[in-house]
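This briefing is for a reader new to the structure.

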Amino acid sequence: MRYVLTGGEVNDVTQAERQLRGRAIVGDRAYDSDALLASIAAQGMTAVVSSRRNRKVQRPLDAEACAQRNVIERLFGRLKAFRRVATRYEETASSYDAVVALASALVVLSGWSA
């Protein structure tokens, strides 16, 4: 798992291009950006991203692949069950990074699976 810490006011799509790996990118409507979708296509990957409601031409969506996003959403839910992850009490990025890594390890060691 890879992640990037950003300020709370930073939109996720601004960091998405740095995280592109694999054959397909699965994301919600927040990642429906022409620039990001073009970058994904240029790298030969498939974008499984829901179209925003205000998009004039809605893109077709692979519903089965989109359903796999649920696994990622459930992982975030498990991580947010750790109060220190959800509220970010730590004052430094490195301390918060360590808390996220520890919480992730605990989730994996608990036997959680997709």
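The chain has six helices and two strands, where helices (H or I, at least four residues) and strands (E, at least two) are DSSP runs numbered from the N terminus. Their order from the N terminus is α-β-α-β-α-α-α-α. This is a predicted model, in which local features need pLDDT of at least 70 and side-chain atom pairs count only at pLDDT 80 or more, while totals for chains, interfaces and linings use all residues. Residues are numbered from 1 along each chain as its sequence is written, and side-chain values use heavy atoms, with hydrogens and water left out.

**Overall build**

- Taken along the principal axes, the C-alpha atoms of the chain fill a box of roughly 40 × 30 × 25 Å.
- The chain has 114 residues, and 24% of them are buried; buried means under 20% relative accessible area, exposed over 50%, and partly exposed in between (1.4 Å probe, protein chains only).
- The accessible surface of the chain is about 8100 Å², with 53% of it belonging to carbon and sulfur atoms; accessible areas come from the Shrake-Rupley method with a 1.4 Å probe, and for residues only the protein chains shown count as cover.
- Of the contacts in the chain with a separation of 6 or more, 27% are between residues 24 or more positions apart; contact means heavy atoms within 4.5 Å.

**Helix α6**

- Helix α6 has 17 residues (93–109), which should span 24 Å at 1.5 Å a residue, and its end C-alpha atoms are 24 Å apart, in agreement; the expected span is 1.5 Å times one less than the number of residues.
- Tyr96, Val99, Val100, Ala103, Ser104 and Val107 are the buried residues of α6.
- Seen down the axis of α6, these buried residues fall within an arc of 135°, so they line one face of the helix; the arc is that of the directions from the helix axis to the C-beta atoms.
- Cover for the buried residues of α6 includes α4 (69–80) and α5 (83–87).
- Exposed residues Ser94, Leu102, Val108 and Leu109 sit on the face of α6 turned away from its buried side.
- Gly111, which follows α6, has a positive phi, near 90°.

**Surface patch**

- A nonpolar patch on the surface is formed by Phe82, Leu102 and Leu106, with about 260 Å² of accessible area together; patches are made of residues with over 30% relative accessible area and no salt bridge, with like charges joined within 9 Å and nonpolar side chains (Val, Leu, Ile, Met, Phe, Trp, Tyr) within 5 Å.
- Phe82 is placed in the loop between α4 and α5.

**Salt bridges**

- The count of salt bridges is five, a salt bridge being a side-chain nitrogen of Lys or Arg within 4 Å of a carboxyl oxygen of Asp or Glu.
- Arg55 forms a salt bridge with Asp32, with the closest N and O atoms 2.8 Å apart.
- This pair links distant parts of the chain, 23 residues apart: Arg55 is in the loop between β2 (46–49) and α3 (63–67), and Asp32 in the loop between β1 (24–27) and α2 (34–42).
- Arg55 also forms a salt bridge with Asp34, at 2.9 Å between the closest N and O atoms.
- Asp34 lies in helix α2 and Arg55 in the loop between β2 and α3, so the pair ties together parts that are 21 residues apart in sequence.
- Asp32 is buried at 4% relative accessibility, Arg55 is partly exposed at 22%, and Asp34 is exposed at 54%.
- A network of salt bridges links Asp32, Asp34, Arg55 and Arg59.
- Glu90 and Arg84 also meet in a salt bridge through their side chains (2.6 Å, N to O).
- Glu90 is buried, with a relative accessible area of 13%, whereas Arg84 is partly exposed, at 44%.
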